[in-house]
Amino acid sequence: MRIKLINPNTTAAMTRSMEAAAVEVAAPSTVIEAVTARSGPVSIEGHYDEAISVLGLIDEIRADPDADAYIIACFGDPGLLAARELTAAPVIGIAEAAMHAATFVSTSFSIVTTLDRTRIISEALVRNYGMAAACRRVRATDLPVLDLEEPSDMVNQTVLAECRRALAEDHCDSIVLGCAGMAGLLDYLRPRLPVPVIDGVTVAVKFAEALVGTGLRTSKHGDLAYPLPKPYGGKLAAYAPLLYGGEERPEIDAAR
Ligand code: 2AL
């Protein structure tokens, strides 16, 4: 199966580190195709970054409508439901995947994320995903996303210290890493923490394999049906839902 791992920010180095983490856990027969959004913010650290990043994400899905599953590799899960409208293949957001994984291996988790201003985005996701009872707290390290791309003792120790504070103060029994760029920290953190440490990129790969392997696809009945065809105005005319992967291709999904 072919899983398209989309980094919705435009930093290719970050895509490469997520790709390495994804390939490490993928089944031998799974092909991970990691791509970087061609337009959008270099990092997603707020509501505006997130809103604008969705177009670059959608470009990648429309450019490749035949993947078996898609992963949105940013912890805000930007454009998750829009992406699910666009394709019948499963689309997995790493935040949703990580929170679900946490509840399979623990009864409570805290999220350790990047800048303090992104905390509210994670808190909203916790509520939307029905995870409020399990999520003890969302904690920020105040590390900018792109600092995670420069492996350093400072970055490692800052994230580790926040995870330790979570265990001591929140009484959680697992840790969810709140940024796609933290996938590379798993090997450092896991031996140093006495609880499961969950990274969304790697669990999203395994959930994607599970959904594809069991023949589960996104429902096209109800609100995840393909977007209603209609013209869009102005500079966003090319995003009109009449165009699917660059042209009308309802047969792609009808044939599956
Ligand atoms: C992220 C992420 O995963 N990628 C990105 O650019 N921003 N999330 C975050 N909480 O900072």
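## A ligand between two domains

Because domain 1 (2–94 + 206–255) and domain 2 (95–199) both give residues to the shell around the ligand, the ligand lies between them. The structure described here is a predicted model, and its chain is divided into these two domains, with domain 1 made up of the segments 2–94 and 206–255 and domain 2 of the segment 95–199.

The relation between the domains can be described in two ways: their C-alpha centres lie 23 Å apart, and 24 residues of domain 1 are in contact with 28 residues of domain 2.

Turning to the ligand itself, there are 13 residues around it, of which Asn9, Ile44, Phe75, Thr114 and Ala180 come nearest. By residue type, the shell around the ligand divides into 7 nonpolar and 6 polar residues, while no charged residue belongs to it.

Polar contacts with the ligand include those listed below, each given with the protein atom, the ligand atom and the distance between them.

| Residue | Protein atom | Ligand atom | Distance |
|---|---|---|---|
| Ile44 | backbone N or O | nitrogen | 2.6 Å |
| Thr113 | polar side-chain atom | nitrogen | 3.1 Å |
| Ala180 | polar backbone atom | oxygen | 2.8 Å |

Taken alone, the ligand exposes 290 Å², and the protein buries 97% of that area. The space that the ligand takes is, moreover, the largest cavity.

Technical notes: Residues are numbered from 1 along each chain as its sequence is written. This is a predicted model: local features need pLDDT of at least 70, side-chain atom pairs count only at pLDDT 80 or more; totals for chains, interfaces and linings use all residues. Side-chain values use heavy atoms; hydrogens and water are left out. A residue is near a molecule or strand if one of its heavy atoms lies within 4 Å of it. A polar contact is a pair of N or O atoms within 3.5 Å; within protein, one must be able to donate a hydrogen and the other to accept it, and residues adjacent in sequence count only if both atoms are side-chain atoms. Accessible areas come from the Shrake-Rupley method with a 1.4 Å probe; for residues, only the protein chains shown count as cover. On a 1 Å grid over the protein atoms alone, a cavity is a set of points where a 1.4 Å probe fits but cannot get out, and a pocket is an open set with protein on both sides within 12 Å along at least five of seven lines; lining residues have an atom within 4 Å of a point. A molecule sits in a cavity or pocket if more than half of its atoms lie within 2 Å of its grid points. Ala, Val, Leu, Ile, Met, Phe, Trp, Tyr, Cys and Pro count as nonpolar, Asp, Glu, Lys and Arg as charged, and the others, Gly among them, as polar. Domain bounds come from an automatic or database domain assignment. Contact means heavy atoms within 4.5 Å.
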